[in-house]
Structure formats: C-alpha cells, structure tokens
Amino acid sequence: MLGLRESLQNYNPDIEIVEWEKHEGMIDVPSRDLPDLLTFCLSMSPRPIWLTHVVNDERQLGNGFCLYLVLHFPGNDFSVTLVAKDIKEDFPSLTLIYPALNWSEREAQDLFGLNAVGHPDPRSLVLHPGWSKEFYPLRKDHKVGKEAKAFKVAPLEFPQAHGEGIFEVPVGPIHAGIIEPGHFRFYTIGEAVLHLEAQLFFTHKGIEKLLEGKSIEEGLRIIERVCGVCTVSHALAYSEAVEKLAAIEVPRQVLLWRTILAELERAYNHVGDIGNMCAGVGFALGNANGSQCKEKLQRLNSDFFGHRFLRGIVVPGGLRSIPSQKDSQAILDRLHELAYDFEEWIPLLLNHDGFRQRAVNTGVLNPVSAIDLGVTGPAARASGIANDWRELHAHLLYPELKVNSMIEHGGDAWSRLVVRVKEARESFRFLKNLLQEGTKGPVYEYENSKLFLEQKLRPWQPAWGCVESPRGTDVIWLMMDDENKIYRCRIRSASYANWPAVPLTVPGNIVPDFPLINKSFELCYSCCDR
C-alpha cells in the first residue's frame with residue numbers, strides 16, 4: 001500500500017512536493033489541477049478534514065495571488081498544504097466539490113477581487129451592498145483611509161418566496177439581550193419553517209487587514225481579542241504558528257499549563273452554553289445553574305490568572321506566568337468543588353421531560369451535511385463525527401490524557417447538549433490530572449519568553465496553528481515579512497466553519513424553536529465578523 005506522499009505524487013506527477021517532514025507537508029500545484037487533486041484527496045479513507053483556506057496577495061514577491069488549502073489526514077495525523085501560485089484574476093472554484101469552501105471562496109471574491117470560476121453562489125458575503133465595486137481591502141496596494149466615505153447605504157437582498165400561505169418573518173439584525181448583530185429571515189408556511197436565510201458580517205472589523213505590519217507581540221494582543229470565547233485557543237494557535245516559524249519547541253512545563261488553560265476555557269464555556277440552552281426553552285432553573293457555575297469558573301480564572309477570559313497568559317515561546325505550587329493546589333480544590341456541584345445540578349436537565357421534548361429531534365444536522373460543510377466541534381460530534389483535534393493530532397499534553405471524541409448520533413439540539421455535558425466532565429477530569437503535576441512543578445521563568453518576542457522568524461514562509469476550542473477547531477495561518485512584521489494572518493474560527501450549517505437545521509421546525517437551535521450551536525458572531 002502506498003503512503004500518502006506516494007499516492008499524491010502518483011496521482012499527479014505535475015505537483016511539486018516542497019516540504020514533507022514530521023506532521024506536515026506542502027505541495028505546489030497548478031491552480032487548474034486543484035479540483036481533480038482535491039477530489040482525489042476527498043476520496044481517501046479516512047476522509048481528510050478542512051483546516052483552513054487562505055488567499056494571499058504575493059504579487060510583490062513575484063508569486064501573483066496565491067491560494068493555500070490546508071487539509072488534515074486523520075489516519076496519518078498528517079496535514080498537507082496545497083499551494084496554487086501565480087493566480088491572476090481567476091481560480092477554479094472548489095465549492096461544488098467541497099461545500100465547506102463556499103464562504104472562504106466568496107470572501108476571496110469580496111476582499112481580493114478574484115473570481116472563483118464556477119462558484120454556485122454569486123452573492124457577496126462580507127461586503128454588504130453600498131461598497132464600491134473596486135473596494136478590495138486585502139490587496140496589498142489598497143490604502144486604508146477614506147473608503148468609509150465612499151460607502152452608500154443600500155438595502156440587503158434576499159430571495160423572494162412565492163406561493164399561497166407563505167410568509168417571510170424577518171428577525172434582527174438587532175436582538176434582545178447582549179448578542180451581536182445577525183439577520184435571520186424565516187420563510188414559513190403555517191408554523192413550519194420552509195427555509196432560513198442568515199445574513200451576518202454586520203460588524204466585520206477588518207482584523208486581518210489590521211494585523212498587517214504588526215509585530216509578533218502586537219499581533220498577539222489583537223488575536224487574543226478576536227472574541228471572548230476563544231481567547232486562549234486563538235492565542236495558542238497563533239503562538240503555535242509563530243513557534244513553527246522560529247523552529248523551536250517549548251518545554252514540558254509550558255505544554256502542561258497551556259493544556260490546563262485550554263481546558264479551563266472549555267469548562268467555563270461548556271457549562272455556560274449548557275445554561276444558555278436552558279434559556280432557549282425557558283427553563284430558568286437550568287439557566288441559573290449554568291450561569292452560576294460559569295461565573296464561579298470565571299472568578300477562578302480571574303483570581304489565579306488575572307483575567308476572567310484568561311487573557312494575557314499565553315505568549316509565543318511560553319507563558320507570561322503560571323500559578324505557584326500552593327495556588328495550583330488551591331485551583332485543584334476549587335475545581336473539585338465545582339465538579340461536584342456540576343454533577344449535582346446536571347441531572348435536573350438530563351431528567352427533565354419538558355426539556356427533552358423540546359430538544360429531541362429539534363434542529364437536526366445530518367452527518368452527510370456536517371461532513372460536506374466541514375462542521376467542527378460539539379456540533380459535528382453530536383452528529384456522530386469523531387473529529388476532536390485533541391484526539392486527532394498529537395499536541396500539548398493531550399496524547400498523555402488519551403482524549404476520546406465524545407460523540408452522539410442524534411444530530412439534534414439534545415445531542416449537542418449531551419456532548420457538552422460529557423466534555424465538561426472530561427475537562428474536570430483532565431484538569432485534576434494536570435494540576436496534580438502542576439502542584440509539583442518547578443518555578444517558571446518568563447525571561448525566555450520575553451526574548452522570544454524579539455526573535456527573527458523565517459520570512460515569506462507560511463505556518464499555521466490549530467487548537468480545539470470550545471466551539472471546535474480554531475486555525476491561525478501566518479506569514480511574516482523580512483522585517484519580522486505580519487504580512488498575512490488568516491483567522492478561521494470554529495464559528496466561521498459552523499455558521500453555514502445552522503440554516504440547514506431549521507426547516508421543518510417552528511420559528512419559536514430557533515432560539516434553542518441557535519443556542520445549541522452557540523456560535524460566535526465576533527469570531528465570524530472578524
């Protein structure tokens with residue numbers, strides 16, 4: 001049986017294998033060959049997983065526009081970047097082959113002015129009507145400044161529904177509560193939803209443009225603030241990419257505390273999300289318990305790490321600080337109490353007939369759609385897809401923890417709840433094991449991390465980092481210039497990957513079920529509208 005490298009080389013002798021070592025490879029391929037090569041890759045078993053899709057303006061380097069598609073082959077724990085260079089104006093769309101790339105190709109059209117030939121959806125994604133047709137902000141020759149003055153207010157366009165008894169129900173973009181803006185247009189007949197259109201990107205912040213020209217440290221401060229849910233995950237993914245460009249490996253003590261931080265982030269988000277799902281069905285007691293548990297975990301974060309969202313701890317090359325052995329024992333004791341409390345109130349939810357009746361068979365995401373759309377995290381695992389990056393890829397201390405993907409097969413809101421319950425329990429268990437080592441660890445020196453921030457990185461070389469956040473895999477793709485400044489940084493959050501799946505789960509349900517369905521995915525607008 002041929003290995004992965006030989007299989008790819010035999011299938012297309014025109015490809016050039018640029019790198020192939022450890023867990024990663026890079027292949028140059030003519031853009032015209034991308035559809036066939038991707039089709040071949042997707043036919044492999046186990047099927048590869050989409051990590052990120054990046055378009056980069058490298059015209060000043062003589063490469064034209066370049067497209068980077070990163071796929072992970074789970075059976076080999078090996079990731080391959082397919083690189084197509086010298087793109088002028090057009091590149092062949094891959095969306096009909098792999099629908100997961102729908103959004104990123106439309107985004108390339110919006111922000112780079114390139115044409116994804118054969119893309120089935122010609123609509124703009126990020127840029128709302130009103131922006132000029134020559135506004136391509138991620139081109140290097142675009143000058144930031146007065147573009148806002150050229151914006152003219154124009155209405156959004158939605159498909160028109162026709163037929164007796166069909167109604168359109170617009171909701172948003174401004175909602176009750178504290179969520180960010182998103183417009184949802186329900187097409188209904190009677191109470192049943194026939195179709196849902198979701199319009200996001202009302203607060204697109206241009207973060208990837210903002211990152212251009214920033215130093216490593218400046219970039220970290222921005223990356224950490226992309227959203228509150230994935231502060232640690234984004235910082236870890238960014239740091240991993242930077243450390244690849246520096247060709248260094250961090251010591252075990254850093255890996256230990258990075259794993260602890262990642263699990264603390266998962267625990268406080270999962271219990272909060274469980275509570276939010278209770279709010280989606282008006283189950284106030286469950287909502288109160290989830291909110292209270294989340295608040296206690298965030299106070300723990302603040303007391304021992306200085307920030308409720310764990311911001312400011314992870315830095316490329318290490319950590320800014322870690323708790324003392326005495327504080328590690330105190331964290332362990334408080335987590336023990338919180339884990340006990342969690343087991344006290346979770347049965348109220350799992351045994352609540354009213355909650356089950358609302359959540360079972362509501363908002364079903366079938367596994368075929370989940371695979372085609374590249375859905376990740378608890379949303380995918382609730383549809384029976386074992387794609388936990390902590391299990392698929394050997395990184396941090398997860399191989400020692402022997403992570404098993406927590407899967408359910410219903411694909412409905414109830415399954416997404418149960419996956420989070422199981423994963424929260426696992427996080428408490430992992431934290432107990434990790435902190436026991438933390439109570440015995442040596443004193444940590446931050447000086448090496450400080451020096452690292454000034455280290456020269458390999459210029460013009462791509463690198464990426466990937467972390468299993470509470471929502472799924474977050475991926476940061478990075479390229480530095482020869483002055484150690486960020487040339488291009490692509491942020492592909494789990495929410496960005498999962499949002500396209502939400503409208504598929506709504507038809508057949510009634511409009512009042514949407515809050516529960518939406519909360520069961522619990523996606524982030526800020527990560528998406530970056």
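Predicted model: local features only at pLDDT ≥ 70, side-chain atom pairs only at ≥ 80, totals over all residues.
I started with proline 46, which sits in the loop between helix H2 (34–42) and strand S3 (49–58); helices (H or I, at least four residues) and strands (E, at least two) are DSSP runs, numbered from the N terminus. Serine 45 and proline 46 are joined by a cis peptide bond, with omega about -5°.

Residues are numbered from 1 along each chain as its sequence is written, and side-chain values use heavy atoms, leaving out hydrogens and water.

I found another cis bond from glycine 172 to proline 173, omega near 20°. Proline 173 is in the loop between strand S8 (166–171) and strand S9 (183–189).

Next I checked positive phi values. Lysine 22 has one of about 50° although it is not a glycine, and asparagine 484 has one of about 65°, also without being a glycine. Lysine 22 belongs to the loop between strand S1 (16–21) and strand S2 (24–28), while asparagine 484 is in the loop between S14 and S15.

Buried or exposed, I wondered about lysine 22? Lysine 22 counts as exposed because its relative accessibility is 70%. Asparagine 484, at 13%, counts as buried. (Buried means under 20% relative accessible area, exposed over 50%, partly exposed in between, with a 1.4 Å probe and protein chains only.)

Last, I looked up leucine 69 in strand S4 (residues 64–73). Leucine 69 counts as buried, at 0% relative accessibility. Its C-alpha is 6.1 Å from that of threonine 52, 17 residues apart along the chain.
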